[in-house]
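Please read this briefing alongside the sequence and the 3D view. It takes the sheet, the helix packing and the nonpolar cores in turn.

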Amino acid sequence: MRRFTSTILAGAVALSALATVAYAENPKVGGAAMFEDKNIVENAVNSKDHTTLVAAVKAAGLVETLQGKGPFTVFAPTNEAFDALPKGTVEELIKPENKEKLTKILTCHVIAANATSDVVMKMVKDDGGSHKAKTAGGCELTLKDEGGKVTVTDENGNTANVTIADVKQSNGVIHVIDKVLLPKM
């Protein structure tokens with residue numbers, strides 16, 4: 001019985017270690033652990049680097065959508081990316097009368113797919129150096145490989161760098177970016 005109990009205990013310790021390793025593979029974002037068994041919203045609210053994005057998602061009424069089944073690939077701008085917009089832009093966008101415009105901007109950061117960086121790099125390579133991707137908001141993003149890192153260019157020619165790739169979620173993947181992508185208006 002003692003040997004049987006030791007074997008079970010050893011197995012439990014091994015499983016616990018494997019569970020820790022599985023979570024350790026997902027990068028931290030904004031100082032917070034990101035968990036593959038949580039959805040995009042459940043993880044994003046814990047990132048201190050994405051408080052502006054979370055506030056904008058709430059103001060646009062997109063929380064329920066981004067908690068949905070997906071799959072979604074979200075290019076998630078940091079607070080610094082939002083701060084780089086002209087002064088007063090964010091404050092203006094989160095006003096109720098600008099909900100439609102805000103929704104358009106935010107959904108231009110979302111692709112209805114689970115596109116990890118490996119998938120993106122393959123699409124870019126297969127398409128000869130760049131890949132056009134339609135977003136949930138109807139925008140077209142251009143994805144490229146710049147020295148082994150993904151870049152995303154919006155319809156206005158603004159290019160964002162993926163600074164943290166492959167943050168896996170239960171309903172897709174997040175890629176942290178350093179600029180806000182804007183639709184043609």
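In what sense do strand 3 and strand 4 pair, and over how many bridges? In this predicted model, strand 3 pairs with strand 4 (residues 140–146) in the antiparallel sense, over five bridges.

- Seven strands make up an open sheet with mixed pairing, in the order 2-1-7-6-5-4-3.
- Strand 2 (110–111) and strand 3 are the edge strands, each pairing on one side only.
- Strand 6 (residues 159–169) and strand 7 (residues 172–177) also pair in the antiparallel sense, over five bridges.
- In strand 7, I177 is the residue that stands opposite V162.

- Strand 3 (residues 130–134) has H131 and A133 on its covered face, while S130, K132 and K134 are on the uncovered one.
- A133, from the covered face, stands opposite L141 in strand 4.
- Five residues separate the strands in the hairpin of strand 3 and strand 4, and G138 there takes a positive phi near 85°.

**Helix 8 on the sheet**

- Helix 8 (residues 117–126) lies across strand 3, strand 4, strand 5 (149–153), strand 6 and strand 7.
- The helix runs at about 95° to strand 4.

**Nonpolar cores**

- The largest nonpolar core has 27 residues, of which L66, V74, L106 and I174 touch the most other members.
- At least two residues of this core come from each of helix 2 (40–44), helix 3, strand 1 (72–77), helix 5 (79–83), helix 6 (89–93), helix 7 (99–107) and strand 7.
- Helix 3 supplies the largest share of this core, four residues.
- Beyond its neighbours within four places in sequence, L66 is in contact with N39, I40, V41, V57, F72, V74, V110 and N171.
- A second, separate core holds 15 residues, among them I111, V120, V162 and I177.

**T52 in helix 3**

- T52 lies in helix 3 (residues 51–60).
- T52 counts as buried because its relative accessible area is 18%, and the cut-off for buried is under 20%.
- Not counting residues up to four places away in sequence, T52 touches N79, F82 and V90.

Terms used:
Residues are numbered from 1 along each chain as its sequence is written. This is a predicted model: local features need pLDDT of at least 70, side-chain atom pairs count only at pLDDT 80 or more; totals for chains, interfaces and linings use all residues. Side-chain values use heavy atoms; hydrogens and water are left out. Buried means under 20% relative accessible area, exposed over 50%, partly exposed in between (1.4 Å probe, protein chains only). Contact means heavy atoms within 4.5 Å. Two strands pair if DSSP finds at least two bridges between them. Axes are lines fitted to C-alpha atoms, for helices over the stretch in contact, and angles run from 0 to 180 degrees between N-to-C directions. A nonpolar core is a set of buried Ala, Val, Leu, Ile, Met, Phe, Trp, Tyr and Cys residues joined through side-chain atoms within 4.5 Å.
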